[in-house]
Each structure stands twice: as C-alpha cells, then as structure tokens.
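Take a moment to turn the model around on your screen.

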Amino acid sequence: MKRSVAILGATGIVGQRFFSLLSEHPWFDLRLVMASERSAGKIYAESVKWVLEKPLPKKAYELTIEQIDIDTITREKIDIAFTALPADAAKEIEPELARRGIVVVSNASSMRLEPDIPLLNPEVNADHIDVIEFQRRNRGWNGAIAKVPNCTTAILTLSLKPLHDEYGIKRVVVSTMQALSGAGLTGVPSMFILDNIIPYIEGEEEKVEAESRKILGTLKQGVIELNNSIAVSASCHRVMVLEGHSMAVFVELEKKPRDIEEIINVMETFKDNKIKGLGLPTAPEKPVVVRREVDRPQPRLDRLEGNGMSVVVGRIREDKVMNGIKYFALGHNTIRGAAGTGVLIAELLVKKDLA
Ligand code: 11C
C-alpha cells in the first residue's frame with residue numbers, strides 16, 4: 001500500500017528536489033506540500049523557480065502550498081514527513097511529529113549527532129536503521145526521526161566506504177569545491193560569487209568531520225558510536241558551480257593496495273551489500289562510478305550519473321605523503337547529498353516495516 005507523504009519546507013532548493021522525486025514515486029502518495037506563511041495559498045507550480053524540470057510534474061499544478069502546521073499533518077494521516085526545514089524550526093517540529101506517530105525523514109542538521117538518531121547513507125550504513133527500535137523506546141515515540149547527512153559528508157562517505165571495507169582507513173583529508181545550490185543561492189545573489197571563491201562555509205567542516213565518523217561508526221547497545229579510529233580533516237569552499245559538490249580527497253590506508261587497477265576495481269564493484277536485493281527504486285545501479293579520463297569527473301558532465309545518486313570518482317593515484325591514495329570525487333549535492341538520499345532512506349524504512 002502506498003504511504004501518504006508530506007514535504008515540509010517544500011519551496012526551497014532541497015524541498016523542490018523532494019517534490020521532483022516524490023511526485024510520481026511508485027511507493028509514495030504526495031499529499032501535502034508545506035512552507036512558511038509567505039508561500040501559503042499558492043499553487044505549488046507558481047512558487048518554484050530553481051531545480052524543477054519543465055514541464056513541471058502534474059502534481060505541481062494540483063497541490064496548493066499550506067502553512068506548516070502539525071495538526072494538519074496529523075489530521076491528514078501522513079505516514080512520512082520529508083523535511084527540508086532550517087535547523088531551528090526542525091528542532092521544534094520534528095520531535096513533535098515523531099511523538100504523534102509520524103516518521104520523519106529530515107535533511108535538517110539538528111539532532112544529526114544524537115546517538116539514538118540514525119544518520120543514514122544507506123549503501124554505507126543501512127544497518128544503523130535498527131537504532132530506531134531504541135529511539136522509540138527511549139523517547140516514547142510511535143513515529144521516528146531518521147536524518148539525511150550533510151551533502152558533502154554523504155558524497156565523501158560513499159566514496160570512502162569501499163576503501164574502508166577493503167583496506168581500512170586511518171586518516172582522511174578533504175578539500176571541497178561546493179556548489180551554489182548548497183547555500184540556496186539562486187538568481188541574483190549567486191552573482192556575488194562570480195569570478196570568485198568563498199573560502200568558508202559556516203559549520204560545514206565540523207559537520208564533515210563529525211558526521212563521517214558517525215556514518216562509519218557502529219551500532220552498539222542501542223546507540224551509534226562514532227568511529228574514533230578514523231581522523232577526518234576538512235577544508236570547505238564555495239565555488240561558482242550551480243549543482244554538484246567536488247572534492248579532493250587524501251586517504252591514509254591501513255593495508256597497502258596492490259596497484260591503482262585494484263583500487264578502481266574495489267570502487268567500481270562496491271555492491272552496497274547493506275541494501276542490495278531490497279529493490280529500492282531510488283538506489284543507483286552503481287553507487288560509485290570511476291572515470292579514467294584525466295579531466296573527469298566534472299560537475300556539468302557527471303553530476304547526473306545514476307540519476308544524480310552515484311558518486312563519481314577520478315584521478316585515483318598513490319599518495320606517498322599520506323601513505324595511501326588521493327582522488328577527486330563529485331556528487332550531486334541536492335540529490336545524492338540531500339533529497340535523493342532522503343527518499344532512499346524512506347524506501348528503506350518502508351522495506352523494513354518501520355514506516
Ligand atoms: C552547503 N553543505 O553546500 C551545505 C548545505 O548540513 O545539510 C547543506 C547543509 C547541511 O553549503
């Protein structure tokens with residue numbers, strides 16, 4: 001049976017991505033699109049400008065934006081609420097929804113590091129979903145909260161997972177080149193960074209460093225423990241790219257790879273064992289795609305690989321300073337790094353009878 005779903009924060013960039021992925025989803029019936037008072041009362045198609053393809057999905061003309069209201073969500077018997085809310089609003093609204101029996105799949109950064117809240121990048125740590133049983137017991141909720149990782153973290157950890165499984169990772173240094181859409185910069189405001197790079201993204205480096213260790217951590221005795229044996233250092237930067245976060249990644253490994261061909265094989269054959277065979281509609285056929293051309297991946301050419309759900313890796317080479325390897329990685333920040341991973345999490349929750 002289809003689950004009834006809502007999007008909270010439906011008019012922002014991530015909200016629009018949620019809309020495009022949910023409006024014709026085989027398992028989900030998109031019933032409510034909610035946003036602030038400013039957009040309430042408008043037909044959805046009239047309020048969106050950024051990511052949605054033209055022609056807009058039929059639902060965009062059928063649904064009217066409603067003001068965010070917990071009672072309406074409860075009354076409409078929504079099973080799953082996808083949220084793209086600012087962290088402050090999410091902190092208030094999401095626990096109340098979970099208390100009322102709604103399953104929340106949230107892109108907001110609030111609560112991501114709480115030990116009984118799963119921070120899911122399904123091909124990497126789908127098993128962490130089991131913490132929901134403890135979450136429900138601890139907090140007395142009938143619903144639940146599952147979090148989507150920070151966009152850079154989702155892309156980075158998907159590229160690291162095959163390496164970690166095969167060789168063991170000791171240290172990661174990452175330098176990012178992040179797209180404008182990650183900052184919600186549309187239209188004129190994005191022009192402020194034309195011919196420029198902004199070498200600071202508030203809170204991003206801390207998120208990458210902590211969230212990566214949670215995603216690569218383990219579920220033990222009802223909580224998720226950070227992986228403290230992996231050190232992560234990030235430097236994050238905004239560049240004049242519309243969509244797609246790129247990063248130069250330097251990794252110290254425990255075990256020495258035989259050669260670069262072996263590493264390419266390990267990455268390309270990464271089989272996302274955690275969700276394999278579940279038939280999740282949004283899962284890409286290949287979570288990690290390797291490009292051999294020296295000038296790839298590039299955002300404009302490669303960000304839609306696997307419908308935006310694959311991470312594309314290139315320029316894999318030995319790094320003698322790190323006693324390991326270095327490579328370049330790219331992922332679609334609003335799909336793999338946000339709404340796409342959110343929908344994949346919801347599919348996993350349905351498959352596990354948790355939503
Ligand atoms: C950016 N990564 O590109 C940010 C946006 O942790 O969900 C997403 C912030 C987050 O600026």
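In this predicted model, a polar side-chain atom of R238 lies 2.4 Å from an oxygen atom of the ligand. That is a polar contact, meaning a pair of N or O atoms within 3.5 Å.

| Residue | Part of the residue | Distance to a ligand oxygen atom |
|---|---|---|
| R238 | polar side-chain atom | 2.4 Å |

On its own the ligand has 320 Å² of accessible area, and the protein covers 85% of that (Shrake-Rupley method, 1.4 Å probe).

Which residues surround the ligand? The shell (heavy atoms within 4 Å) consists of N107, R112, N150, C151, Q178, G182, I201, E204, K207, R238 and H245. Two are nonpolar, five polar and four charged, with Gly counted as polar and Cys as nonpolar.

Now step back to the whole protein. An automatic or database assignment gives domain 1 (3-150 + 339-351) and domain 2 (151-333). Their C-alpha centres lie 24 Å apart, and their contact (heavy atoms within 4.5 Å) takes 36 residues from domain 1 and 42 residues from domain 2. Each domain gives at least three residues to the shell around the ligand.

A note on reading the model: residues are numbered from 1 along each chain as its sequence is written. Local features need pLDDT of at least 70 and side-chain atom pairs 80 or more, while totals for chains, interfaces and linings use all residues, and side-chain values use heavy atoms, leaving out hydrogens and water.

Conventions
A polar contact is a pair of N or O atoms within 3.5 Å; within protein, one must be able to donate a hydrogen and the other to accept it, and residues adjacent in sequence count only if both atoms are side-chain atoms.
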